[in-house]
Amino acid sequence: MFNNEMKLEFISKSSNEAFARLTVAAFASQLDPTIEELADIKTAVSEAVTNSIVHGYDKKQGIVKICAWLKENEIIIEISDKGKGIENVEQAKEPLYTTKPNLERSGMGFTIMESFMDTMEVESVVGLGTKVTMSKIIKPKEEKEEDEFKMLMTNT
Amino acid sequence: MESKFYEEDKLLVLKITSEIDDHNVQEIRRKADYEMERYMPKRVIFDFDSVTFMDSSGIGLIIGRYKFANMIGAKLELSNLTRKCKKNF
C-alpha cells in the first residue's frame with residue numbers, strides 16, 4: 001500500500017519546469033533524502049516534464065500531469081501528457097538521439113532519467129500521449145551511515 | 001548571467017547565475033553568444049559556481065557554445081563545476 005500520494009496538473013509552459021521539479025522534490029523530502037538524491041529526482045522530473053512540453057505538445061498548449069506516491073522508502077513518479085506521442089520509444093531512449101538537433105538539444109533526457117532513478121518505463125501511443133513512470137528508493141539514514149562506514153573500512 | 005572581459009588576456013568570464021533548464025537556457029545562450037561576438041575573446045570561461053541546478057539542456061548549451069567559441073577562434077573552459085553539474089556530463 002502507498003503511504004502518501006499527490007497529483008499535480010499544469011499547462012505546458014516552460015516556466016512550469018522549475019515549479020514541477022521543486023514540487024516533486026518537496027513531496028519527496030518526506031522520505032528524508034540526501035541533497036544528492038533530491039538533485040537526482042529534480043533532474044529526472046525536469047527531463048520528463050521538458051520532454052512533454054517540448055516534444056509532446058511542441059509549442060501547443062496542453063496539460064502535463066504528475067502523480068507521485070510514497071511507498072515505504074520508495075518514491076514513484078508518473079509524468080504524463082496527452083501530446084503527440086513517441087513513434088519509436090527504443091530509439092528515443094538512445095543516448096544522443098534527438099529529433100530537434102538544430103535547437104541544441106542534447107538527446108540525453110531519457111538517459112539521465114534512467115541513470116538518476118532506479119527504474120524508468122515509457123508508455124507512448126502516437127496521437128494520444130506519453131507516460132513516463134520512474135521510481136527511486138531513498139535509503140534510510142542508518143543504512144547510509146553504514147554504507148559510509150563500509151566505504152571507509154574498505155579504503156583503509 | 002554576469003560577464004566580465006579582461007582586455008589584456010582577451011579573456012571573457014561568463015558567470016551563470018540562474019538554474020540551467022530548458023526555460024532559462026535560451027536567455028543564457030543569447031547573452032553568451034552576444035558577449036562572445038562583442039568582445040571576440042581568445043579564451044572563454046563559463047563559471048558554474050552559482051549554478052544550483054542543471055539538466056540535459058545544459059549539455060546542449062555547452063556543446064553549442066563550444067562550437068560557437070571554436071568558430072570565433074576562442075578556447076572554452078568550464079570552471080567551478082559542482083558534483084551535481086558534473087554528474088550530467
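Helices and strands are named here from DSSP runs numbered from the N terminus, a helix being a run of H or I of at least four residues and a strand a run of E of at least two. Residues are numbered from 1 along each chain as its sequence is written, and chains are lettered from A and ligands numbered from 1 in the order in which they are written. The model is a predicted one, in which local features need pLDDT of at least 70 and side-chain atom pairs count only at pLDDT 80 or more, while totals for chains, interfaces and linings use all residues. Its scores are ipTM 0.85 and pTM 0.89.

**The sheet of chain A**

Begin by selecting the strands of chain A, which form an open sheet of five strands in the order β1-β2-β3-β5-β4, with antiparallel pairing; two strands count as paired if DSSP finds at least two bridges between them. At the edges lie β1 (4-11) and β4 (119-125) of chain A, each of which pairs on one side only. Neighbouring strands of this sheet are turned by 10° against each other on average, with direction ignored; axes are lines fitted to C-alpha atoms, for helices over the stretch in contact, and angles run from 0 to 180 degrees between N-to-C directions.

Contact here requires that the C-beta atoms of two residues, placed from the backbone, lie within 7 Å. The end C-alpha atoms of α2(A) are 30 Å apart, which agrees with the 32 Å that its 22 residues should span at 1.5 Å a residue, the expected span being 1.5 Å times one less than the number of residues. Of the 22 residues of α2(A), 19 are buried, and the helix is thus mostly covered; a residue is buried if 20 or more other C-beta atoms, placed from the backbone, lie within 10 Å of its own, exposed if 12 or fewer, and partly exposed in between.

Next, centre the view on A:Ile79 in strand β3 of chain A. A:Ile79 counts as buried because it has 26 C-beta neighbours inside 10 Å. Apart from neighbours within four places in sequence, its contacts are A:Val45, A:Ala48, A:Val49, A:Ser52, A:Val64, A:Ile66 and A:Val132. A distance drawn from the C-alpha atom of A:Ile79 to that of A:Thr130, 51 residues away along the chain, comes to 8.3 Å.

Follow α2(A) past its end to A:Asp58, whose phi is positive, near 45°. A:Asp58 sits in the loop between α2 and β2 of chain A and is partly exposed, with 13 other C-beta atoms within 10 Å. Then move to A:Glu72, in the loop between β2 and β3 of chain A, where phi is again positive, about 50°, although the residue is not a glycine. A:Glu72 is exposed, with 11 other C-beta atoms within 10 Å.

**Across to chain B**

Select the residues at the boundary of the chains, where 17 residues of chain A are in contact with 15 residues of chain B. On the side of chain A that touches chain B, α1 (16-28), α2 and α4 (109-116) of chain A each supply at least two residues, and α2(A) gives the most, with seven residues.

In chain B, display helix α1 (residues 25-39) and colour its buried residues, B:Val25, B:Ile28, B:Ala32 and B:Met36. Seen down the axis of α1(B), these fall within an arc of 60°, so they line one face of the helix, the arc being that of the directions from the helix axis to the C-beta atoms. They pack against β2, β3 (43-47) and α2 (56-71) of chain B, whereas the face turned away from the buried side carries the exposed residues B:Glu27, B:Arg30, B:Tyr34, B:Glu37 and B:Arg38.

Finish at strand β1 (residues 2-6) of chain B, which is joined to β2(B) by five bridges in an antiparallel arrangement. In the hairpin of these two strands, with four residues between them, B:Lys10 takes a positive phi near 50°.
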